[in-house]
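Here is a protein chain to look at. The questions below ask what its descriptions rest on.

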Amino acid sequence: MNDPVLVRPVAEDDHPAWKTLWDGYNTFYGRHGDTALPAAVTAMTWSRFFDAYEPVHALVAERGGALVGLAHFLFHRSTTQIGPSCYLQDLFTTAAVRGQGVGRALIEAVYRRAQTAGAPRVYWQTQETNTAAMKLYDKVADRSGFVVYRKML
């Protein structure tokens, strides 16, 4: 039987384990080697989690004393509602725990944080090819039908 999953806010002494998860997440999305995020971006991301003025937050999933997943989310204003929106920007679990409820536990923890903050909506995006994750997402949320466009400047 697997140890239970504990989802909690990231702590400063989690940095080495968080960084391993962060690197895995970025590798999954093709950001490694020549296309890796600059170290300054990773350092700033980490520092934002501990800055009370930042709207960016991090949760980690722990099982058996080891970090096995992360969720990064932020709150922002919207022109279509009074309360803030919650954007689940990053979600990642180690391959060894996929399909064992860790991703769901992280998403549900973000839902609780959003409710506490008065956010009536949590949303996220994923690549069309991330079909394994989409099986979970289709169970815990509704597809919005929107297509994402972007231009790097």
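Q: What is the volume of the second largest pocket, and what makes it a pocket?
A: In this predicted model, local features need pLDDT of at least 70, side-chain atom pairs count only at pLDDT 80 or more, and totals for chains, interfaces and linings use all residues. Residues are numbered from 1 along each chain as its sequence is written, and side-chain values use heavy atoms, with hydrogens and water left out. The second largest pocket has a volume of about 910 Å³. On a 1 Å grid over the protein atoms alone, a pocket is an open set of points where a 1.4 Å probe fits, with protein on both sides within 12 Å along at least five of seven lines. The volume is the space filled by probe spheres set on the points, which are joined across faces, edges and corners.

Q: Which residues that line the second largest pocket are the closest to its centre?
A: Of its 21 lining residues, Trp124, Gln125, Ser144, Gly145 and Phe146 are the closest to the centre. A lining residue has an atom within 4 Å of a point. Strand 5 and helix 4 each supply at least two residues of this lining.

Q: What makes residues of the second lining nonpolar, polar or charged?
A: Ala, Val, Leu, Ile, Met, Phe, Trp, Tyr, Cys and Pro count as nonpolar, Asp, Glu, Lys and Arg as charged, and the others, Gly among them, as polar. The lining of the second largest pocket divides into eleven nonpolar, five polar and five charged residues.

Q: How much space lies in the largest pocket, and which strand gives the largest share of its lining?
A: The largest pocket holds about 1400 Å³. It is lined by 43 residues, and the closest to its centre are Tyr25, Tyr29, Gln89, Asp90 and Gln125. Strand 4 gives the largest share of the lining, seven residues.

Q: What makes a run of residues a helix or a strand?
A: Both are DSSP runs numbered from the N terminus: helices are H or I with at least four residues, strands are E with at least two. The protein chain has four helices and five strands, in the pattern β-α-α-β-β-β-α-β-α.

Q: How do you know which strands are at the edge of the sheet?
A: Two strands pair if DSSP finds at least two bridges between them. The open sheet of five strands has the order 1-2-3-4-5, with mixed pairing. Strand 1 (5–9) and strand 5 (121–123) each pair on one side only, so they are the edge strands.

Q: How do you know that strand 3 and strand 4 pair?
A: Eight bridges join strand 3 (residues 66–76) to strand 4 (residues 85–93), and the two run antiparallel.
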